[in-house]
Amino acid sequence: MLRKITFLSLAAILAIGVSSYTLSSNGEKPKKTSKSTAKKTAPKKAAETQDKEEAPGVLDSTKITWYSMTKGYAKAKKEKKFLVIDVYTDWCYWCKVMDKNTYENSEIIKRMNEYTVAVKFNPEVNGKHIINKDTMSSSQLATYLAKGGRIPGYPMTFIWKGIADNSTIKPYSGYIEPAPFYEILNKTIAE
């Protein structure tokens with residue numbers, strides 16, 4: 001009985017191992033496709049998946065289009081809009097809550113798509129960011145947004161209306177419910 005169980009267990013392990021390999025159609029060596037490989041290549045946030053050049057007038061009005069800092073800054077400058085920069089980390093619980101509750105609110109989506117360019121920025125992911133022809137690392141960008149200081153916690157929202165320099169950047173720390181966030185947007189629009 002024990003041998004039968006061991007044999008069945010070995011057969012199951014072998015079947016799982018074989019299923020994690022696929023042959024290409026041109027007869028090349030098998031390529032490993034596993035969950036761990038998929039996780040490494042899968043995008044982590046909306047900024048990475050939606051950071052593309054959008055054709056004018058083709059934006060989805062049911063969600064916010066997120067950009068990287070480089071593309072978002074250039075777009076805001078060109079379109080004379082202000083930036084809403086959502087600073088997050090992958091491990092931040094309240095960042096995910098803000099994504100779900102605040103950034104999926106239909107009134108906020110409408111306001112942000114009309115008046116802002118939305119940027120997602122994870123300072124824990126190394127990258128190069130171009131602001132006014134200056135190239136910055138992720139840690140340098142975080143310091144720049146915080147005007148020489150440190151980002152005190154996550155989520156952190158920066159609203160940058162006059163993008164000529166960083167003196168007009170306003171910080172908003174922590175999770176912001178939809179109603180107060182809507183008021184912040186309206187106040188910024190009216191200024």
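A142 has its place in helix 7. The model is predicted: local features need pLDDT of at least 70, side-chain atom pairs count only at pLDDT 80 or more, and totals for chains, interfaces and linings use all residues. Residues are numbered from 1 along each chain as its sequence is written, and side-chain values use heavy atoms, with hydrogens and water left out.

Me: Why is A142 called buried?
Reply: Buried means under 20% relative accessible area, exposed over 50%, partly exposed in between (1.4 Å probe, protein chains only). A142 has 11%, so A142 is buried.

Me: Which residues does A142 touch?
Reply: Contact means heavy atoms within 4.5 Å. Not counting residues up to four places away in sequence, A142 touches F121, P123 and I151. A142 and P123 are 19 residues apart in sequence, yet 6.3 Å apart in space, C-alpha to C-alpha.

Me: What makes a set of residues a nonpolar core?
Reply: The members are buried Ala, Val, Leu, Ile, Met, Phe, Trp, Tyr and Cys residues, joined through side-chain atoms within 4.5 Å. The largest such core here has 21 residues; L145 and W160 are among those that touch the most other members. Helix 7 is one of the elements that give two or more residues to this core.

Me: Which strands pair over five bridges?
Reply: Two strands pair if DSSP finds at least two bridges between them. Strand 8 and strand 9 have five, in the antiparallel sense.

Conventions. Helices (H or I, at least four residues) and strands (E, at least two) are DSSP runs, numbered from the N terminus.
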